[in-house]
Amino acid sequence: MRQKPNAAGLIAALDTPDAARAEGWAAAVAPHVGLVKVGLELFCAAGPGVVGRIARHRPVFLDLKFHDIPNTVAGAVRSVCADRAAAPAMLTLHGGGGAAMIEAARRAAEDTLGAARPAILAVTVLTSFTAAALAETGVAGGPAQQVLRLARLALAAGADGLVCSPQEVSRLRDAFGGAPLLVVPGIRPAGSAAGDQARIATPEETAAMGADWLVVGRPITGADDPAAAAAAIAASLPR
Ligand SMILES: O=c1ccn([C@@H]2O[C@H](COP(=O)(O)O)[C@@H](O)[C@H]2O)c(=O)[nH]1
């Protein structure tokens, strides 16, 4: 999934510890989404085998946000790419892990799967962070500045794209043009609860700013009818 979609596409985040429930959601939303996301909650509860089962419905975005020394991250990438049939289409690591870690991840993916390797996405500043929360970690200057700094580093190190909030999409497009994949959580349809997300926007706003993929979890999975919720969000996106 390293190629860019023609217009902004939808990714449903299957956040649950219950593999059967996640598979049910994947089957239900499949007609309306480009990918489904397996994150830490599902992966840790159900184990690596869940990726292949979910991938029967839609390609998987494996969002484990690797962040470790280069050798360890390279090993983790080799492990999740080992079974070609169950390999994810995209995976994440933290941009803050540094250039050597990102280079090692990309090399490991290429060595394991060649041209069929997953897209490597660098998480910049988590969408749950406010400027104040970021400052508490020792990063001054606010999320926008830190996102640009990490984006520059990650793309130079070989990342195919970035995970950012809706609020940084326009600035990233201005700085880096159309090529990097921009994968954007923190999406909230009008009227839905923000929950722990701090830097948010609606699907329509985020698509208009130039996002490639919109990641939506609870507004879909918490709905009475997840398929209908996914269909409504997909229909709101420009084609
Ligand atoms: O900065 C980030 C990176 C990843 N996420 C993930 O996206 C989904 C969002 O779920 P919602 O329920 O729509 O809030 C979730 O799986 C996160 O792990 C993110 O939110 N922000």
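**Reading helix packing, exposure and a ligand shell**

Biologist: Which residues of helix 1 and helix 11 meet?

Modeller: This is a predicted model, and in it Trp25, Ala28 and Val29 of helix 1 meet Pro226, Ala227 and Ala230 of helix 11. By class, that contact holds six nonpolar, no polar and no charged residues.

Biologist: At what angle do helix 1 and helix 11 pack, and what is the hand of the crossing?

Modeller: Helix 1 spans residues 19-29 and helix 11 spans residues 226-236; their axes lie 8 Å apart, at an angle of about 45 degrees. Helix 1 is therefore oblique to helix 11. The crossing of helix 1 with helix 11 is right-handed.

Biologist: Are helix 4 and helix 5 roughly parallel or oblique to each other?

Modeller: An angle under 35 degrees counts as roughly parallel. The axes of helix 4 (residues 70-81) and helix 5 (residues 99-113) cross at roughly 30 degrees and come within 8 Å, so these two helices are roughly parallel to each other. Helix 4 passes helix 5 in a right-handed crossing.

Biologist: How should I read the packing of helix 7 with helix 8?

Modeller: The axes of helix 7 and helix 8 (residues 169-176) come within 11 Å and cross at roughly 40 degrees. This makes helix 7 oblique to helix 8, and helix 7 passes helix 8 in a right-handed crossing. Ala144, Leu148, Ala151 and Leu155 of helix 7 make the contact with Arg171, Leu172, Ala175 and Phe176 of helix 8. By class, there are seven nonpolar, no polar and one charged residues in the contact of helix 7 with helix 8.

Biologist: Let us take Ala144 by itself. Is Ala144 exposed or partly exposed?

Modeller: Ala144 belongs to helix 7 (residues 143-156). Ala144 is partly exposed because 18 other C-beta atoms lie within 10 Å. Apart from its neighbours within four places in sequence, Ala144 is in contact with Glu168 and Arg171. Between Ala144 and Pro238 there are 94 residues of sequence separation and 26 Å of space, C-alpha to C-alpha.

Biologist: And Leu40: exposed or buried?

Modeller: Leu40 has 11 C-beta neighbours inside 10 Å and therefore counts as exposed. Leu40 is found in helix 2 (residues 40-46). Leu40 and Leu64 are 24 residues apart in sequence, and their C-alpha atoms are 5.6 Å apart in space.

Biologist: What is to be noted about the phi of Lys65?

Modeller: Most residues other than glycine have a negative phi. Lys65 is not a glycine, yet has a positive phi of about 50 degrees. Lys65 lies in strand 3 (residues 60-66) and counts as partly exposed, with 17 C-beta neighbours inside 10 Å.

Biologist: Finally, how many residues surround the ligand, and which are the closest?

Modeller: The ligand is surrounded by 17 residues, and the closest are Ala13, Thr127, Pro185, Gly217 and Arg218. Strand 2 (35-39) and strand 8 (213-216) are the elements that give two or more residues to this shell.

Biologist: How does the shell around the ligand divide by class?

Modeller: The shell around the ligand has seven nonpolar, six polar and four charged residues.

Methods. Residues numbered from 1 in each chain as written. Predicted model: local features only at pLDDT ≥ 70, side-chain atom pairs only at ≥ 80, totals over all residues. Helix = DSSP H or I, 4+ residues; strand = E, 2+ residues; numbered from the N terminus. Buried ≥ 20, exposed ≤ 12 C-beta atoms within 10 Å, placed from the backbone. Axes fitted to C-alpha atoms, helices over the stretch in contact; angles between N-to-C directions. Parallel < 35°, antiparallel > 145°, perpendicular 65-115°, else oblique. Left-handed = near helix turned anticlockwise from the far one by under 90°. Contact = placed C-beta atoms within 7 Å. Nonpolar A, V, L, I, M, F, W, Y, C, P; charged D, E, K, R; others polar. Near = placed C-beta within 6 Å.
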